[in-house]
Amino acid sequence: MYSSSNHSNGYHPHHQHEDNPFGQTHSHSKDRVRRYTRGGATSTNSRSRDFRDSHGHAGPTSSSALRVSDQHQKPATDFDMAYFHSYAHVGIHEEMIKDRVRTETYRMAIMQHQSAIAGKVVVDVGCGTGILSIFCAQAGAKRVYAVDASEIALQANEVVKANNLSDTVIVLHGRVEDVEIDEEVDVIISEWMGYMLLYESMLGSVITARDRWLKPGGLILPSNATLYMAPVTHSDRYSESIDFWRNVYGIDMSAMLPLAKQCAFEEPCVETITGENVLTWPHVVKHVDCYTITIHELESVTTRYKFKSMMRAPLHGFAFWFDVEFSGPAVSPSNNHTLSLLVDNNPIDGSQRKKRANPNEALVLSTAPEDPPTHWQQTMIYFYDPIEVEQDQLIEGSVTLSQSKENARFMNIHLEYASGGRAFVKESVMR
């Protein structure tokens, strides 16, 4: 189910499309997520996940421990082929493994749940180089199925052999939808999160693994995830990318401004901000319970938000980030209604914060601006022109995130926002 401009639970002001300098209302011009550095925004696919949801091709292997899937429920698309092919490059895995917040949190979570892993059967969905599978083997797992359709599975198998774990870790080169595992499993582990949490739709492969193999009462790591959004001010970023053109070595280059705005802000940007950029408490866009969520729920997510600015500042756009928790099924909220009772403590301020009965029970991996940075950074949706807001001024609207019809790994973003008597719509595609 894909979103349109008519949403049953959206915000419907009399609005205009945000002024695109070239009169366009959609962002379809680029092929990759934009990552911003001080040198400027660059295109990157460094977070296209290690396959996880597409059809893999077998390569030569020197060990029978590597099993290749030759049964396919449905053929891979060209997008799928390009997606998992990109994960054969070592640089992507190097970036993820060097993210110490990410990697060490996963290792701590495995050790925290060692009693549920030792002597048990584990599936690692999208194993990449196999590092999480090896962590599970080190924690005493009886058997670990490491599944990946990218060619990186060949290297993962060699890594397993080099660490004398071939009797415990079985590398399966193929899609989760296609590989065969002839037993139920006790644990599913996966690092499935993309930019803005849901980008790349890899969670669907975790759901498939859960429904195919997980025993009743089994463990899923991480167990749940929450996507947040908040309005932000970022004058330095705007000045660097836009105001620069007003005076270039004494030359008036303001004619470049419309193109500069389009190139800098037409699509979502992946970059790092700080808590000082955030104007309010965050709003929960979506809570994901990995024990109960369905693939259908991921097709389109809509939320209505209402913020009250904590300061006078230019509003430059919205930031999105997420956290994930590593807990058992008994600790996870059972549905979104339960979560709303936990977090909806002050919706008019946008201050939906997840409350935990005992914070020590759940290990959390956070990508929030106030927490140590990760390779996910934050995802920014900038306006072409900032809106001046006063302290306590309301900022309200809705956002819909939906899988693209062109490619389910792409994300369509439909953002409606209003403040100070003006209303706008911004639509973009995260590719």
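Here is a run of questions and answers about a predicted model and the terms used to describe it.

The model is predicted, so local features need pLDDT of at least 70 and side-chain atom pairs count only at pLDDT 80 or more, while totals for chains, interfaces and linings use all residues. Residues are numbered from 1 along each chain as its sequence is written, and side-chain values use heavy atoms, with hydrogens and water left out.

Q: How many helices and strands are there in the chain, and what makes a stretch a helix or a strand?
A: The chain has ten helices and 19 strands. Both are DSSP runs, numbered from the N terminus: a helix is H or I with at least four residues, and a strand is E with at least two.

Q: Why is Val147 called buried?
A: Buried means under 20% relative accessible area, exposed means over 50%, and partly exposed is in between (1.4 Å probe, protein chains only). Val147 has 1%, which is under 20%, so it is buried. This residue is found in strand 6 (residues 143–148). Across the chain, buried residues make up 58% of the 431 residues.

Q: What does Val147 touch?
A: Leaving out residues up to four places away in sequence, Val147 touches a list of residues including Val123, Cys127, Leu172 and Val179. A contact like this means heavy atoms within 4.5 Å. Val147 and Val179 are 32 residues apart in sequence, and their C-alpha atoms are 8.0 Å apart in space.

Q: How do you know that Leu227 is buried?
A: Its relative accessible area is 0%, so Leu227 falls under the 20% limit. Leu227 lies in strand 10 (residues 224–232). Among the residues that Leu227 touches, not counting those up to four places away in sequence, are Met196, Val284, Phe320 and Leu401. The C-alpha atoms of Leu227 and Val284 are separated by 6.0 Å, though the two residues are 57 apart along the chain.

Q: What share of contacts in the chain between residues at least 6 apart in sequence join residues at least 24 apart?
A: That share is 81%.

Q: What makes Glu104 and Arg100 a salt bridge?
A: A salt bridge is a side-chain nitrogen of Lys or Arg within 4 Å of a carboxyl oxygen of Asp or Glu. For Glu104 and Arg100 the N to O distance is 2.4 Å, so the pair meets the rule. Both lie in helix 3 (residues 100–112), four residues apart, about one turn of the helix. Glu104 is partly exposed at 29%, and Arg100 is exposed at 58%. In general, side chains of opposite charge can pair when their charged atoms come close. A search of the whole structure finds 16 salt bridges.

Q: Why is Arg210 called buried and Asp211 exposed?
A: Arg210 has a relative accessible area of 11%, which is under 20%, so it counts as buried. Asp211 has 55%, which is over 50%, so it counts as exposed. The two form a salt bridge, with their closest N and O atoms 2.9 Å apart.

Q: How do you know that Arg431 forms a salt bridge with Glu406?
A: The closest N and O atoms of Arg431 and Glu406 are 3.2 Å apart, so they are within the 4 Å limit. Arg431 is buried at 7%, whereas Glu406 is partly exposed at 44%.

Q: Why is helix 2 called roughly perpendicular to helix 3?
A: Helix 2 (residues 90–98) packs against helix 3 at an angle of about 70°, with the axes 5 Å apart. Angles under 35 degrees count as roughly parallel, over 145 as roughly antiparallel, 65 to 115 as roughly perpendicular and the rest as oblique, so this pair is roughly perpendicular. The contact is made by Met96, Ile97 and Lys98 of helix 2 and Arg100, Arg102 and Thr103 of helix 3. Axes here are lines fitted to C-alpha atoms, for helices over the stretch in contact, and angles run from 0 to 180 degrees between N-to-C directions.

Q: Which residues of helix 6 are buried?
A: In helix 6 (residues 152–162) they are Ile152, Ala153, Leu154, Ala156, Asn157 and Val160. Helix 6 is followed by Asn164, whose phi is positive, near 55°.
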